[in-house]
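This briefing goes through one protein model by topic.

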Amino acid sequence: MTTQSGDASNSPTRTSLTDRSKDVPVPRTFSDVLEHRAFLKFRLAQAYRIFANYGYDAGIAGHITVRDPIRPDCYWVNPWGVHFKLIQPDLLLLVDHEGKIQDKESGPIRFLNRSAYLIHSAIHEARPDVICAAHSHTTYGKAFGTLGVLLDPITQDSCAFYEDHVLFNEFHGIVDDREEGVAIAAALGSKKAAILQNHGLLVAAASIESTVHFFISLEKCCQVQLIADQAAAARGQRPRVIDPESAALTHKGVGSELGGWFNGIPEFQLLELEEGKKFEYKPANKEKL
């Protein structure tokens with residue numbers, strides 16, 4: 001992946017990644033929309049395989065979507081019933097907000113997870129700023145979700161979600177109607193993450209990389225909260241909470257979109273090293289709009 005760097009600065013007064021934006025690379029930009037689409041499909045397929053490496057696959061459940069740069073009323077998603085580890089760009093489905101699979105652009109396995117359509121269509125419709133959204137039934141996300149509470153800002157990492165995540169405290173079984181998807185999107189509001197009570201985790205952000213990072217981080221934060229609560233209870237205590245001012249300041253860095261994107265890049269670097277496969281675009285093979 002090619003990135004661009006800004007001017008470096010060694011200012012000792014800077015206190016957050018947002019403030020240090022000139023010190024880090026920036027997301028790649030594209031002048032060719034077809035190349036942009038190809039890159040997003042490549043990246044999305046990588047995201048599925050990263051999730052599989054973390055054990056975030058859940059049988060036929062779980063889904064990650066990315067908004068199409070050519071047709072923003074559509075998004076790419078995995079075909080239903082294919083293991084996350086097997087997802088490649090040419091298998092992805094292009095789906096509109098009504099749940100219709102776009103025949104010309106979609107892969108050969110035309111099975112769409114109805115829950116994926118209902119949840120992600122509602123989020124992409126309600127949030128034009130969201131490029132990527134991910135949901136899966138992770139172990140610690142499910143466990144923490146049974147408590148019906150939000151995360152406390154007890155670590156630097158959990159501050160990424162300080163006042164930036166919600167609890168969706170309704171569960172009526174498998175998401176099978178439009179109203180349920182709309183309710184999840186409404187509960188999410190302008191936040192980047194949701195703990196779905198009895199159901200797992202949801203993250204929505206402005207890039208695939210930041211979505212992957214924040215999802216992994218949210219799962220780990222749930223794990224740490226469970227461990228800390230248990231250890232503190234054994235001592236008749238509660239975990240120490242970071243004060244609001246410090247939590248808010250920390251959130252500006254580790255919880256920013258740039259922070260999420262930059263933190264997510266190593267996951268893709270590692271996958272590319274392990275697989276020996278990087279994004280290549282061949283204009284001669286351009287698809288028709």
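**A buried lysine**

Lys-41 is buried in this predicted model, because its relative accessible area is 12% and the cut-off for buried is under 20%. The residue lies in helix α1, which spans residues 33-53. The protein as a whole has 289 residues, of which 49% count as buried.

**Surroundings of Lys-41**

- Leaving aside residues up to four places away in sequence, Lys-41 touches Trp-76, Pro-89, Leu-92 and Glu-105.
- Val-77 is 36 residues from Lys-41 along the chain, and the C-alpha atoms of the two are separated by 9.2 Å.

**Overall make-up**

- The protein contains 7 helices and 9 strands.
- Among contacts in the protein with a separation of 6 or more, 69% come from residues 24 or more positions apart.

**Helix α1 against α5**

- The two helices pack at an angle of about 15°, and their axes are 10 Å apart.
- Helix α1 is therefore roughly parallel to α5, since angles under 35 degrees count as such.
- On the α1 side, the contact is made by Phe-39, Leu-40, Arg-43, Leu-44, Ala-47, Ile-50 and Phe-51.
- On the α5 side, Ile-208, Glu-209, Val-212, Phe-215 and Ile-216 make the contact.
- The crossing of α1 past α5 is right-handed.

**Helix α1 against α7**

- Helix α7 covers residues 257-275 and packs with α1 at an angle of about 85°, with the axes 10 Å apart.
- This angle makes α1 roughly perpendicular to α7, because the range for that class is 65 to 115 degrees.
- From α1, the contact residues are Phe-42, Arg-43, Gln-46, Ala-47, Arg-49, Ile-50 and Asn-53.
- From α7, they are Ile-265, Glu-267, Phe-268, Leu-271, Glu-272, Glu-274 and Glu-275.
- Arg-43, Ala-47 and Ile-50 of α1 take part in the contact with α5 and also in the contact with α7.

**The sheet**

- An open sheet is formed by 7 strands in the order β5-β4-β3-β6-β9-β8-β7, with mixed pairing.
- Its edge strands are β5 (93-96) and β7 (165-168), each of which pairs on one side only.
- From one strand to the next, the twist averages 20°.
- Strands β8 (residues 193-196) and β9 (residues 200-205) pair in the antiparallel sense over 4 bridges.
- Within this pair, Ile-195 stands opposite Leu-201 of β9.

**Helices on the sheet**

- Helix α2 (residues 114-126) packs on the sheet and touches β3 (63-67), β4 (74-77), β5, β6 (132-136) and β9.
- The direction of α2 makes about 40° with that of β3.
- Helix α5 (residues 208-234) also packs on the sheet, where it touches β3, β6, β8 and β9.
- The direction of α5 makes about 150° with that of β9.

**Confidence**

- The average pLDDT of the protein is 89, and 88% of the residues score at least 70.
- Confidence is highest in α5, at 98, and lowest in strand β1 (residues 4-5), at a mean of 34.
- Residues 1-16 have a pLDDT below 50, and in the model this stretch has 29 contacts beyond near neighbours in sequence.

Conventions
Residues numbered from 1 in each chain as written. Predicted model: local features only at pLDDT ≥ 70, side-chain atom pairs only at ≥ 80, totals over all residues. Heavy atoms only, no water. Pairing = 2+ DSSP bridges. Axes fitted to C-alpha atoms, helices over the stretch in contact; angles between N-to-C directions. Contact = heavy atoms within 4.5 Å. pLDDT = per-residue confidence, 0-100. Buried < 20%, exposed > 50% of the residue type's maximum accessible area, 1.4 Å probe, protein only. Parallel < 35°, antiparallel > 145°, perpendicular 65-115°, else oblique. Left-handed = near helix turned anticlockwise from the far one by under 90°.
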